[in-house]
Amino acid sequence: MGVVLATTVDIARIPAGVRAGIGAADGPARSWEQARTALRFTTARRPVVHHDELGASALLAQLSPDVLRGNADVAGIARVAAAHPEDLETLDAYCATGSLRRAADLLHLHHSSVARRLDQIGKALGIDITEPAGLIRASLALTAWRLLDD
């Protein structure tokens, strides 16, 4: 882990494979705190995260690991991760796109394969992730599970 203090950041100059959290430039201490929080939200698909772009999602980082683990949806994601880790990539693509076909394109899979995986994930979580409310729940649970970094 390294720290860069700068007034501007050219994201294009961040090397491939490097994850970065970026805080606001309103003061070093606050920027550092925000950058550390944003870093926790990075993924392989989204390696650079600006704290300002997190909005209300940043509130999840304030919850204790015990609270996150105690949530049924987050526990469901942990079970899916243990049994079928490849399904999390499918869920991530679907949450990022909100579309079965766009997720299939991202994953280089046939849409029927993605649909089958999403159906399995939904059953494991007890959520209909093809419905807007279910997609939100699954997305929040996936994000919260990643924040645990177990």
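Which residues in helix 5 meet which residues in helix 7? In this predicted model, Glu 86, Asp 87, Thr 90, Leu 91 and Tyr 94 are the residues on the helix 5 side, and they meet Val 114, Arg 117, Leu 118 and Ile 121 in helix 7. By class, this contact has five nonpolar, one polar and three charged residues. The two axes come within 10 Å and cross at roughly 105 degrees. Angles of 65 to 115 degrees count as roughly perpendicular, so helix 5 is roughly perpendicular to helix 7.

Helix 5 also packs against helix 6, at an angle of about 130 degrees and with the axes 8 Å apart. That angle makes helix 5 oblique to helix 6. The crossing of helix 5 with helix 6 is right-handed. From helix 5, Glu 89, Thr 90, Ala 93, Tyr 94 and Thr 97 take part; their partners in helix 6 are Leu 100, Arg 102, Ala 103, Leu 106 and Leu 107. Six of the residues in this contact are nonpolar, two are polar and two are charged.

The largest nonpolar core has 33 residues. Within it, Ile 77, Leu 91, Leu 125 and Ile 129 touch the most other members. Two or more core residues come from each of helix 4 (72-83), helix 5 (85-97), helix 6 (100-107), helix 7 (111-125) and helix 8 (132-148). Helix 8 gives the largest share, seven residues. Leaving aside residues up to four places away in sequence, Leu 125 touches Asp 73, Gly 76, Ile 77, Val 80 and Ala 138. In soluble globular proteins, nonpolar side chains tend to be buried together.

Technical notes
Residues numbered from 1 in each chain as written. Predicted model: local features only at pLDDT ≥ 70, side-chain atom pairs only at ≥ 80, totals over all residues. Heavy atoms only, no water. Core = buried A, V, L, I, M, F, W, Y, C linked by side-chain atoms within 4.5 Å. Buried < 20%, exposed > 50% of the residue type's maximum accessible area, 1.4 Å probe, protein only. Helix = DSSP H or I, 4+ residues; strand = E, 2+ residues; numbered from the N terminus. Contact = heavy atoms within 4.5 Å. Axes fitted to C-alpha atoms, helices over the stretch in contact; angles between N-to-C directions. Parallel < 35°, antiparallel > 145°, perpendicular 65-115°, else oblique. Nonpolar A, V, L, I, M, F, W, Y, C, P; charged D, E, K, R; others polar. Left-handed = near helix turned anticlockwise from the far one by under 90°.
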